[in-house]
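Please examine the sequence and the model displayed below.

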Amino acid sequence: MSAQVQQTRPATHEPKKGPVAPAHSVGEFYKGYEEEGKLLGYECPCGYKTLTYILECPRCGRQGGLKDTTFKGTGTVLAFSLQNVPADEFVNDAPYAYALVQLEEGSVVSGWLPNAKRPEDLKIGDKVHWAKSYKVGMVFEKD
Ligand SMILES: [Zn+2]
């Protein structure tokens with residue numbers, strides 16, 4: 001006769017209420033980015049806008065209620081460095097500039113400029129625009 005073991009289970013807990021998913025998914029962002037040539041971002045009712053996938057507004061702390069917004073992809077170079085030793089994906093493009101770009105809508109993104117190969121090709125404050133490309137990452141070109 002086998003002893004029957006009574007298994008006890010911890011009490012079932014209600015799932016924690018997490019942040020409400022934002023307006024669009026990361027997959028929808030990339031679909032827009034790669035197929036439709038648009039930059040889909042998030043806008044909080046407080047006015048904060050970002051291209052980064054967020055579940056909570058870093059400015060006001062709001063969870064949920066974020067709306068889709070489209071970025072123009074134009075902005076200003078905040079900082080950059082020239083990459084002479086690139087990652088594998090960029091080996092045929094080196095040297096190039098890796099830059100932080102302040103988008104007009106207010107979000108800061110990182111991207112790269114394949115046509116900026118020498119220090120004199122780019123400077124802080126230059127106006128740039130997103131150039132849809134088959135290459136990885138956000139490609140920018142000078143205006
Ligand atoms: Zn907010």
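**Overall composition**

In this predicted model, buried residues make up 21% of the 143 residues in the protein chain. The secondary structure of the protein chain comprises one helix and eight strands. Followed along the sequence, these elements give the pattern α-β-β-β-β-β-β-β-β.

How many residues of helix α1 are buried? The helix spans residues 26-36, and the count of buried residues among its 11 residues is zero. Helix α1 is thus described as hardly covered. A residue counts as buried if 20 or more other C-beta atoms lie within 10 Å of its own, and no residue of α1 is in that class. Just after α1 comes Gly-37, whose phi is positive, at about 65°.

The next element to consider is a sheet. Strands of a sheet pair through backbone hydrogen bonds, in either a parallel or an antiparallel sense. Here, three strands form an open sheet with antiparallel pairing, in the order β2-β1-β3. Its edge strands are β2, at residues 49-50, and β3, at residues 67-71, each of which pairs on one side only.

Strand β1 covers residues 39-43 and pairs with β2 over two bridges, in the antiparallel sense. Within this part of the sheet, Glu-43 stands opposite Lys-49 of β2.

Key. Residues are numbered from 1 along each chain as its sequence is written. This is a predicted model: local features need pLDDT of at least 70, side-chain atom pairs count only at pLDDT 80 or more; totals for chains, interfaces and linings use all residues. A residue is buried if 20 or more other C-beta atoms lie within 10 Å of its own, exposed if 12 or fewer, and partly exposed in between; C-beta atoms are placed from the backbone. Helices (H or I, at least four residues) and strands (E, at least two) are DSSP runs, numbered from the N terminus. Two strands pair if DSSP finds at least two bridges between them.
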